[in-house]
Amino acid sequence: MEKILEQTLLYDFYGELLTEHQRQVYEDVVLNDFSLSEVAAARGISRQGVHDLVRRCNKTLEEYEEKLHLVQRFVQIRENVNEIRKLTDPSGETPKEDVMQRIAAIASDILEEL
């Protein structure tokens, strides 16, 4: 997964578990694409302090994911739903019985994830 997308998903799922200060700095650097220098000047901290804080936040968010696997489950369910969309495309040439069996299998996978 692309690093920025991964960071964004991790933040979406676990960002509320960071402190307000961590969230603000992380959002500015990662989501708003401000430079470390810009954030440092705006927050009254050093550029190195911003860098370290973002690195620690990334580590913290990754640790949450290692324990909870919410992003992994979300990505898997999204892939399953996309596969169902493809199977139900009216221009598809797959026999109806095969489509229904595959959809049933995907639905079982999704329910297991929940």
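Q: How do H2 and H4 lie relative to each other?
A: In this predicted model, H2 and H4 are roughly perpendicular to each other. To read such a feature, one looks at the angle between the two axes, and angles from 65 to 115 degrees count as roughly perpendicular. Here the axes of H2 and H4 cross at roughly 100° and come within 10 Å, so the pair falls in that range.

Q: Which residues make the contact between H2 and H4?
A: On the side of H2, the contact is made by His21, Gln22, Val25, Tyr26, Val29 and Val30, while H4 brings Val50, Leu53, Val54, Cys57, Asn58 and Leu61. Sorted by class, the residues in this contact of H2 with H4 are nine nonpolar and three polar, with no charged residues.

Q: At what angle do H2 and H3 pack?
A: The axes of helix H2, residues 20-31, and helix H3, residues 36-43, are 9 Å apart and form an angle of about 150°. Because angles over 145 degrees count as roughly antiparallel, H2 is described as roughly antiparallel to H3. The crossing in which H2 passes H3 is right-handed.

Q: Which residues of H2 meet which residues of H3?
A: From H2 come Gln24, Val25, Asp28 and Val29, and they meet Leu36, Val39 and Arg43 in H3. The residues of this contact of H2 with H3 divide into four nonpolar, one polar and two charged.

Q: Is asparagine 58 buried or exposed?
A: A residue counts as buried when its relative accessible area is under 20%. Asparagine 58, which lies in helix H4, residues 47-68, has a relative accessible area of 14%, and therefore asparagine 58 is buried.

Q: What does asparagine 58 touch, not counting residues up to four places away in sequence?
A: With those sequence neighbours set aside, asparagine 58 touches Gln7 and Tyr26. With tyrosine 26 there is also a polar contact, in which the two side chains are joined at 2.5 Å.

Notes: Residues numbered from 1 in each chain as written. Predicted model: local features only at pLDDT ≥ 70, side-chain atom pairs only at ≥ 80, totals over all residues. Heavy atoms only, no water. Helix = DSSP H or I, 4+ residues; strand = E, 2+ residues; numbered from the N terminus. Buried < 20%, exposed > 50% of the residue type's maximum accessible area, 1.4 Å probe, protein only. Polar contact = N/O pair within 3.5 Å; in protein donor to acceptor, adjacent residues only side chain to side chain. Contact = heavy atoms within 4.5 Å. Axes fitted to C-alpha atoms, helices over the stretch in contact; angles between N-to-C directions. Parallel < 35°, antiparallel > 145°, perpendicular 65-115°, else oblique. Left-handed = near helix turned anticlockwise from the far one by under 90°. Nonpolar A, V, L, I, M, F, W, Y, C, P; charged D, E, K, R; others polar.
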